[in-house]
Amino acid sequence: MIDIATRKEIGQQIKTCRKSLGFSPLIFAQTTQINKTTISEIENGRFTGPFDIFERLIDAVGLQFQMAPKKHSLPDWDEIESLFLEED
């Protein structure tokens, strides 16, 4: 299993799989019926569109999404406030 979490990592994995299957960006676009520009946005981690587009691309390269508990978390407001407390 590949442990990825960001859009950029997802895009890079899709790109790696696409290339290993021998798909050029144009052929991949024609095969998935997804615009070549959209594929480029996904592969470069800049896509913010609908989830079904991601699903179609990962399915086309033989991958699937899998849910897992978060490995990191953002600090809560009390923790943030303590970072900015001034010492007298």
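1. Start at the surface: Asp-76, Asp-78, Glu-79 and Glu-81 come together there as a patch of negative charge. Of these, Glu-79 belongs to helix H5, which covers residues 77-83. Glu-79 has a relative accessible area of 43%, so it counts as partly exposed.

2. Keep in mind that this is a predicted model. Mean pLDDT for the chain comes out at 86, with 92% of the residues at 70 or more.

3. Now for the charge pairing. Side chains of opposite charge can pair when their charged atoms come close. The structure has one salt bridge. That bridge joins Glu-43 to Arg-18, with 2.7 Å between the closest N and O atoms. It ties together distant parts of the chain, since Glu-43 sits in helix H3 and Arg-18 in helix H1 (residues 7-20), 25 residues apart.

4. Are the two partners, Glu-43 and Arg-18, buried or exposed? Both of them are buried.

5. Last stop, Val-61. You'll find Val-61 in the loop that runs between helix H4 (51-60) and H5. Its relative accessibility is 11%, and the cut-off for buried is under 20%, so Val-61 counts as buried. Val-61 and Lys-19 are 42 residues apart along the chain, and their C-alpha atoms are separated by 9.4 Å.

Technical notes
Residues are numbered from 1 along each chain as its sequence is written. This is a predicted model: local features need pLDDT of at least 70, side-chain atom pairs count only at pLDDT 80 or more; totals for chains, interfaces and linings use all residues. Side-chain values use heavy atoms; hydrogens and water are left out. Patches are made of residues with over 30% relative accessible area and no salt bridge: like charges are joined within 9 Å, nonpolar side chains (Val, Leu, Ile, Met, Phe, Trp, Tyr) within 5 Å. Accessible areas come from the Shrake-Rupley method with a 1.4 Å probe; for residues, only the protein chains shown count as cover. A salt bridge is a side-chain nitrogen of Lys or Arg within 4 Å of a carboxyl oxygen of Asp or Glu. Lys and Arg count as positive and Asp and Glu as negative; His and the chain ends are not counted. The place of a charge is taken as NZ of Lys, CZ of Arg, CG of Asp or CD of Glu. Helices (H or I, at least four residues) and strands (E, at least two) are DSSP runs, numbered from the N terminus. Buried means under 20% relative accessible area, exposed over 50%, partly exposed in between (1.4 Å probe, protein chains only). pLDDT is the predictor's confidence in each residue, from 0 to 100.
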